[in-house]
Amino acid sequence: MRLLCIADHVDPFIYSNSLKSRFANVDLVLSAGDLALPYYDFIISTLNRPLLFVFGNHHVEDRSHYGKHEALEDPMERLNREVGALCLEGKVRQVKGLILAGLGGSIWYNGGDNQYTDFSMFLVILRMVPHLLWNRIFHGRYLDVLVTHSPPYGINDLPDPCHTGFRVFLWFMRTFRPRYLVHGHVHLYDRNAAREAHYGATTVVNAYDHVVIDLEPAS
């Protein structure tokens, strides 16, 4: 399973006529947020691959727009139907045999949209726990990949109030042991900067611009 992971910046390497030839062998696209929906539309229409994403703390107008509409269906499901990209925020999904979950937003720093304290993010995670436990019973694992916008605390994060990671993500990784945590939020202006770290059984990857992950089948 080859994953194309993106976040935070419209990468000219992706937003180009060569996208299809460069990434023809990609199975799935994951976005860790802060990218506009038309960018997703370009990628989906070019690659013809599923794209799953979370919202960051910027480009949240569409999240607010769809969230305000009252309908019988989940507003994020309606976004998926109309845009073609699946919002993974607060969800657990199985796609092409891969179990994925998503947690969008950043740490609370000025009261803006899609910002959370560690406790409020923990409450979001609690709503996902029954589905994760179901996966453990029937698939032998809780999940394969957690897609977040922000990094975990102390891993790939920064010390300023906006870019501090979530402590609760450390608990999540210890408890549910995803193989990968893919995040954005922290911009990597130096292409030689380290974008990968490890915490227990989990590889933590910063998807800024883009990164490709080759995921072996679950044992």
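1. Arg-2 is partly exposed, with a relative accessible area of 25%, where partly exposed lies between buried (under 20% relative accessible area) and exposed (over 50%), computed with a 1.4 Å probe on protein chains only. Please keep in mind that this is a predicted model, in which local features need pLDDT of at least 70 and side-chain atom pairs count only at pLDDT 80 or more, while totals for chains, interfaces and linings use all residues. Residues are numbered from 1 along each chain as its sequence is written, and side-chain values use heavy atoms, with hydrogens and water left out.

2. The side chain of Arg-2 meets that of Asp-214 in a salt bridge, at 2.6 Å from N to O; the term stands for a side-chain nitrogen of Lys or Arg within 4 Å of a carboxyl oxygen of Asp or Glu. This pair links distant parts of the chain, 212 residues apart, with Arg-2 in strand 1 (residues 2-7) and Asp-214 in strand 13 (residues 209-214). Helices (H or I, at least four residues) and strands (E, at least two) are DSSP runs, numbered from the N terminus. Asp-214 is itself partly exposed, at a relative accessible area of 46%.

3. The structure holds three salt bridges, and a network of them links Arg-141, Asp-144 and Arg-179. Asp-144 is buried, with a relative accessible area of 0%, and forms a salt bridge with Arg-141 in which the closest N and O atoms are 2.7 Å apart. The side chains of Asp-144 and Arg-179 also meet in a salt bridge, at 3.6 Å from N to O. That pair joins the loop between helix 5 and strand 9 (145-148), which holds Asp-144, to the loop between helix 6 and strand 10 (180-183), which holds Arg-179, 35 residues apart. Arg-179 is partly exposed, with a relative accessible area of 24%.

4. The largest nonpolar core has 25 residues, and those that touch the most other members include Leu-103, Met-121 and Phe-166. Such a core is a set of buried Ala, Val, Leu, Ile, Met, Phe, Trp, Tyr and Cys residues joined through side-chain atoms within 4.5 Å. Strand 6 (98-103), helix 5 (118-139) and helix 6 (167-176) are the elements that give two or more residues to this core.

5. Leaving aside residues up to four places away in sequence, Phe-166 touches, among others, Tyr-116, Met-121, Pro-151 and Tyr-153, contact meaning heavy atoms within 4.5 Å. A second, separate core of 22 residues includes Ala-7, Leu-100, Val-205 and Val-211.
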